[in-house]
Amino acid sequence: MTTKSRRKLVAVIKFVLLGSFLVLVMFPFVWMLLTSLKSSQGEIYAFPVKYLPNPVSFVNYVEMLWKGSFARYMLNSLICSSVAACCSVFIAILASYVISRFRFRFKGALLLFFLITQMIPMFIMLAPLYQMLAKAKMLNNLWGLAFLYTNMMIPFSVVTLCGFFDNVPKSLEEAAWIDGCGYLSALFRVAVPVIKPGIAASIIFAFINSWNELFMAVMFIDVDKYKTIPVGLNGLILKYDIKWGEMAAGTIMSLIPTMCLFAFAQKYMIEGLTAGAVKG
Amino acid sequence: MKQKSKLRMRRTRFIFFMVLPAVVIPMIFTYYPMIKGSMMAFQSYNLMNVKNIKWIGLENFQKLFAHSASNSFYTTMLNTVKWVGLSLLFQFGVGFGIALLLKKKFRGASVYQALIFFPWAVSGFIIGIMWRWMFNGTSGVINDILMKIHLISQPVGWLADKGTALYSCIAANIWYGIPYFTIMITAALRGVSEDLYEAADVDGASPLQKFTNITVPCIRSVLLLTVLLRVIWIFNFPDLIYSMTQGGPAGSSNIVTSYMMQLVQSLDYGLASAVGVLCILFLVTFVIVYMSITKYAQEEA
């Protein structure tokens, strides 16, 4: 075999492997979408499976949005996650800037303090948190949940933003200090604009994580009015008789914001996540 | 002199107030509940019986390790080992393989990467729902495909059978975790200097030699760190099992953290916290042992 044809063969094999992996990754999402577009129970539960919906119908979406309270759940999730994302990143900007820029005692301890929070199984905190919220009359309260998500996302945001601040040359702010700029205005006028992409990625990351959170929401929210999407879907999946058409529609709707944000920010998120890997 | 100390004061005060919120909030809402939760492990803390909350020493732990037919904690621990071990092995293996294919950039590579990375952004709970539907025993698409390629002759109740429930969850978890490894390892591979490979080519090294002598040593620290983070993460990740099987049938697919979640939901906080304390002890031990075996810490320093 000549080198040229061998190279061609390798390329074909590579193409086939990567292609089939892509199919494998995408299939569950496609399958959920197909299920959600089928109208009759007979079609959804047919075996051997009927793959394509015929006719395409949005009845499951209509059921979820109008008869169920799914629109409400989406709004609640949106409020909760946006508040948590913005608050946690704002608090993290303050802390990470100082950690990245100044040398001070306890800096190592501080980083360890954040890292440990990421390792603890959160379930051990659920019972005491429940009592704390009950005492503060914050059970079944969206703001309470948003606050807990803020708390959940602070450590990760601090560590990520530290990485972004580290990449900004210090000379920029030193020039600002000399010009009589205070520390705080140097941060917001000089450093923050430079790492805008990093901040956007952190906000989106915090948003997606809060959007996805299940167990705290299940523990602390049980009134329909305040349920978030995962709590709502959890109620549906615990039923003995799961309506898979509606379930699929709910799943697809819960994925839409994730998909949009991910498409917009994946480049920065991958960069942020792998920054350490490249430096090695 | 006075001017200087005033500046120092200002600087210290600035640092203090900037860090303050990021420290105080986790102190109150992560560390305090964690410590209080750990203490509950030594109390009989059952919300069904609030009048009887008292210190009971190690009784909760004894209950967990008691040898009796109804005690499923031993199965749960064994399941956890399988869950972490098998998931990690295949996530790492396949993730590494795909990363090697992605190393050389091609047209559309970044779009491809974004597409296969997408599951990472979806919650484990949602992923579990999707796989629960695919593994459905009577009208699941997995049964249909396996029957069409003649691997099975009749539908299998994957999640309803004690023998297959855990492995079905592990299969879904493998699928879920591959993208993370792919992305991390691809980035690391692309960071390896091309000069090294060229030098090896001059010396006439085979592809395998290049792989073991250049690629692996160069990305070793990334691999070690990724694996460590992933073990902790998979260990603490009951979401998928929670939505696929709720640990069933009859507790056969429970891992330690999903078991703990069930105890919390049945309001037996004392017992749940005992499990939590064991988890923390295990993870701390694991991290220390892992670091000393791989000498990861020294290498970084």
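This is a predicted model: local features need pLDDT of at least 70, side-chain atom pairs count only at pLDDT 80 or more; totals for chains, interfaces and linings use all residues.
Residues are numbered from 1 along each chain as its sequence is written, chains are lettered from A and ligands numbered from 1 in the order in which they are written, and side-chain values use heavy atoms, with hydrogens and water left out.

**Stop 1**

Select A:V10, A:K14, B:L100, B:L101 and B:K104. Of the 30 lining residues, these are the closest to the centre of the second largest pocket. The pocket holds about 1400 Å³ of space. A pocket is an open set of points on a 1 Å grid over the protein atoms alone, with protein on both sides within 12 Å along at least five of seven lines; lining residues have an atom within 4 Å of a point.

Now colour the elements that give two or more residues to this lining: α1 (3-36) of chain A, with α3 (73-102), α7 (165-191), α8 (194-202) and α9 (207-235) of chain B. Helices are DSSP runs (H or I, at least four residues), numbered from the N terminus. The lining has 16 nonpolar, 4 polar and 10 charged residues.

**Stop 2: the cavity**

The whole structure has 1 cavity of 30 Å³ or more. In a cavity, a 1.4 Å probe fits but cannot get out. The volume of the largest cavity is about 60 Å³. Select its lining: A:W211, A:N212, A:I229, A:P230, A:S254, A:L255, A:T258, B:S123 and B:I126. The largest share, 3 residues, comes from α13(A).

**Stop 3: helix α12(A)**

Move to residues 229-237 of chain A. Here 7 of the 9 residues of α12 are buried (under 20% relative accessible area, 1.4 Å probe, protein chains only). Among them are A:I229, A:P230 and A:V231.

**Stop 4: a helix crossing**

Show α4 (residues 70-101) and α9 (residues 183-194) of chain A. They pack at an angle of about 105°, with axes 12 Å apart. The two helices are therefore roughly perpendicular (65 to 115 degrees). Select A:F90, A:I93, A:L94 and A:Y97 in α4(A); they meet A:Y183, A:L187, A:F188, A:A191 and A:V192 in α9(A) (heavy atoms within 4.5 Å). By class, this contact has 9 nonpolar, no polar and no charged residues. Ala, Val, Leu, Ile, Met, Phe, Trp, Tyr, Cys and Pro count as nonpolar, Asp, Glu, Lys and Arg as charged, and the others as polar.

Definitions and conventions: Buried means under 20% relative accessible area, exposed over 50%, partly exposed in between (1.4 Å probe, protein chains only). Axes are lines fitted to C-alpha atoms, for helices over the stretch in contact, and angles run from 0 to 180 degrees between N-to-C directions. Angles under 35 degrees count as roughly parallel, over 145 as roughly antiparallel, 65 to 115 as roughly perpendicular and the rest as oblique. Grid points are joined across faces, edges and corners, and a volume is the space filled by probe spheres set on the points.
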